[in-house]
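This report describes a structure for a reader who is new to it. Please look at the sequence and the structure before reading on.

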Amino acid sequence: MKCLIDIPQLSVGEIKELMDTAIDIDSHPEKYRERMKYKRLATLFYEPSTRTRLSFEAAMMQLGGSVIGFSNSESTSASKGESIADTSRVISCYADVIVMRHPKDGAPTVAALNASVPVINAGDGGHCHPTQTLADLLTIYREKGRLDGLTVGFCGDLKYGRTVHSLINALARYNNVKLKLISPQELRLPSYMRQRLESGIMEWEETDSLEDALPSLDILYMTRIQQERFADHDEYIRLKDSYVLNLKKLSLAKPDTCVLHPLPRVNEIDVDVDSDPRACYFKQVENGKLMRMALILRLVDGDDVPLPESFSDPGLVCPNPRCVCSSERSVEKKFIFSDGEKRCFYCDHKAIALENK
Ligand code: CP
């Protein structure tokens, strides 16, 4: 199968190959101008997006290919009740690669299991966002010259911020990376991510103080509080301004700290910071397009990128109400072994026994 659902599918070597291709595309764009001639990419966006959808479209066009798709599922047959599985089968008749964003955790996995062309996850609920991570990794690599030995601070909404989850999963593959997780108590990492860190995959600590963490950071990854994922609007209002990075706070950071943000920002980074040389979030946007070009080439022309081995167990259930397996009809409940636990194949939450549900 050729798909990218989350970063652990790629080895460190494969990530390096994608980065090398992206850098080569940047230096020699003419070499790649016709690589996707006569190929078509479909963007199936069931949730809003600016960067991810348009950068995939720009990437495919720069490779000489063409683009079809939708940016609002209300105008599609999903609004009449068509399943993700059927939609994926149908779009496979029209396109050579599918890019999907969906509000349900695990939805692109369902698409990958049913499509006959490669599927790329462009963000699934609060779960993961692997192509943003590819943009983040290339930005860190270009700014720091390495991905090992870094102290990385994640600040803001670590609970619902899918870009945080994918980037942590990626950084866990590199040597001697330390995490500082900066958030209010209510927005700490979800339990399945905490369990992964508690299993000892990397050094990490938590704090609610950006000021305390800043002086030690090589990378500061700011995030938006994800309003669209809150069940309680009053809680969002209470938490939305938890952290605002301004020039005064940034003066606590090292002279070469790299400030990242997946964007869109609301007000968690003051616009005055944009002109500071440490602000790298608009470089991430450019690197995102390059990495998406490299990924399209890899998936359309390259070898399989398999999903993890899964198994069925009628005695287990996924406890996550936001998982696609709880809403999409005819999705077979499946599980994987990961970090010593049985987890949902679609959303990574730790499975629970049916009788405990
Ligand atoms: N970073 C990111 O995913 O941005 P969009 O939501 O605009 O695609």
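The model is predicted: local features need pLDDT of at least 70, side-chain atom pairs count only at pLDDT 80 or more, and totals for chains, interfaces and linings use all residues. Residues are numbered from 1 along each chain as its sequence is written, and side-chain values use heavy atoms, with hydrogens and water left out.

**The sheet**

Helices (H or I, at least four residues) and strands (E, at least two) are DSSP runs, numbered from the N terminus. Five strands form an open sheet in the order 8-7-6-9-10, and their pairing is parallel. Strand 8 (203-207) and strand 10 (258-260) are the edge strands, each pairing on one side only. From one strand to the next, the twist averages 20°. Two strands count as paired if DSSP finds at least two bridges between them.

Strand 9 (residues 219-222) pairs with strand 6 (residues 151-155) in the parallel sense, over four bridges. Within this pairing, Tyr221 of strand 9 is opposite Phe154, and Leu220 is the bridge partner of Gly153. Strand 9 also pairs with strand 10 in the parallel sense, over three bridges. There, Leu220 is opposite Val259 of strand 10.

Strand 9 is covered on both faces: Ile219 and Tyr221 on one side, and Leu220 and Met222 on the other, are all buried. Buried means under 20% relative accessible area, exposed means over 50%, and partly exposed lies in between (1.4 Å probe, protein chains only).

Helix 5 (residues 130-144) lies across strand 9 and strand 10, and runs at about 165° to strand 10. Axes are lines fitted to C-alpha atoms, for helices over the stretch in contact, and angles run from 0 to 180 degrees between N-to-C directions.

Helix 7 (residues 191-198) has the buried residues Tyr192, Met193, Arg194, Arg196 and Leu197. These pack against helix 6, strand 7 (178-182), strand 8, strand 12 (335-338) and strand 13 (341-344), where contact means heavy atoms within 4.5 Å. After helix 7 comes Gly200, with a positive phi near 95°.

**Salt bridges**

There are 26 salt bridges in the structure. A salt bridge is a side-chain nitrogen of Lys or Arg within 4 Å of a carboxyl oxygen of Asp or Glu. Three of them are listed here.

| Asp301 | Arg35 | 3.7 Å |

The salt bridge of Asp301 with Arg35 links distant parts of the chain: Asp301 is in helix 11 (residues 281-301) and Arg35 in the loop between helix 1 (12-27) and strand 2 (40-45), 266 residues apart. Asp301 is partly exposed at 44% relative accessibility, and Arg35 is partly exposed at 38%.

Glu47 lies in the loop between strand 2 and helix 2 (51-62) and Arg162 in helix 6 (residues 162-171), so the pair ties together parts that are 115 residues apart in sequence. Glu47 is buried at 11% relative accessible area, and Arg162 is buried at 8%. Glu47 and Arg162 are also linked with Arg229 in a network of salt bridges.

Arg89 and Asp86 are three residues apart in helix 3 (residues 84-91), so about one helical turn separates them. Both are partly exposed, Arg89 at 44% and Asp86 at 33% relative accessibility.
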